[in-house]
Amino acid sequence: MNTLICILIIIGISLDVLGAMEIEGAMLGEIKKKDMVLASLLVIGLQLLFFFAGYIACDLVVRYDIFTHGDTTASIIAVAIFVLLGIRLLIKGIRRAFIEERRQEFSLAKYMKGIFTLSFYTLCAGCACGFIDASPLLMLVTMIICSVSVTVGGIFIGYHYGFGSKSTGYFVGTAFLWLAGIYVFVTGLYPVIAG
């Protein structure tokens, strides 16, 4: 799997977390270093847990030839996942949900609920990457870097500028996920269709 595509996949799913962090940052009355560290560790932990749960499960499905047409079926499912995750982000970017902006203290429980919900989509991305045999070490390093970046960056952006710019992140995430889907289609499915 192309290294750039692996990185685009992780950045694409991380931009969803960026939008959630912008909303959290817009609500904070004050940014505390302890809260930032807790938030970053929580995002890293949940993202890695869900991503690699999906990755390992689907990698095992491919390794033990559970599908009739192995790699082709796995590529079809991976493309479908990338397209659907991209559509979800596109809809979130277009639909500007009303959020009542009011200052409040950082709440780990509320924050954890939001990130836990987003982690389901990370699980799906992990499944897609397991189907296409992405490099686990590259995914691990990229996910840690992206998780910290989007958590800290999102909170700071939201705190200083509000959450109005989160739609841009959703559109960029959509483009990255769709690029990954196109790459998998061109390299994994098109040769089978054309051949």
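Are K92 and D16 buried or exposed in this structure? Both K92 and D16 are buried, where buried means under 20% relative accessible area, exposed over 50%, and partly exposed in between (1.4 Å probe, protein chains only). The following paragraphs lead from the whole chain to this pair and then to other features.

The structure is a predicted model, in which local features need pLDDT of at least 70 and side-chain atom pairs count only at pLDDT 80 or more, while totals for chains, interfaces and linings use all residues. Residues are numbered from 1 along each chain as its sequence is written, and side-chain values use heavy atoms, with hydrogens and water left out.

The chain holds six helices and zero strands, so that its elements, read from the N terminus, follow the order α-α-α-α-α-α; helices (H or I, at least four residues) and strands (E, at least two) are DSSP runs, numbered from the N terminus. The chain has 195 residues, and 47% of them count as buried. Contact means heavy atoms within 4.5 Å. Among the contacts in the chain with a separation of 6 or more, 95% are between residues 24 or more positions apart.The accessible surface of the chain comes to about 9900 Å², and carbon and sulfur atoms account for 70% of this surface. Such areas come from the Shrake-Rupley method with a 1.4 Å probe; for residues, only the protein chains shown count as cover.

The salt bridges come next. Side chains of opposite charge can pair when their charged atoms come close. A salt bridge is defined here as a side-chain nitrogen of Lys or Arg within 4 Å of a carboxyl oxygen of Asp or Glu. By this rule, the structure has three salt bridges.

D16 belongs to helix α1 and has a relative accessible area of 4%, which means that D16 is buried. Together, D16, R88 and K92 are linked in a network of salt bridges. When residues up to four places away in sequence are not counted, D16 touches R88, L89, K92, L118 and Y170.

The side chains of R63 and D59 meet in another salt bridge, again at 2.7 Å from N to O. Why are R63 and D59 separated by about one helical turn? The reason is that R63 and D59 are four residues apart in helix α2. R63 is exposed, with a relative accessible area of 58%, whereas D59 is buried, with a relative accessible area of 9%.

On a 1 Å grid over the protein atoms alone, a cavity is a set of points where a 1.4 Å probe fits but cannot get out, and a pocket is an open set with protein on both sides within 12 Å along at least five of seven lines; lining residues have an atom within 4 Å of a point. Grid points are joined across faces, edges and corners, and a volume is the space filled by probe spheres set on the points.

A search of the whole structure finds one cavity of 30 Å³ or more. The largest cavity holds about 70 Å³ of space. Its lining consists of I13, D16, V17, L85, R88, L89, L118, Y121, T122 and L177. At least two lining residues of the largest cavity come from each of α1 (3-27), α3 (70-94) and α4 (108-131).

The second largest pocket has a volume of about 270 Å³. Of the 17 residues that line the second largest pocket, D71, S75, F131, I132 and D133 lie nearest its centre. Two or more lining residues are given by each of α2 (33-63), α3, α4 and α6 (166-194). Helix α6 gives the most to this lining, with five residues.

V141 counts as partly exposed because its relative accessibility is 42%.
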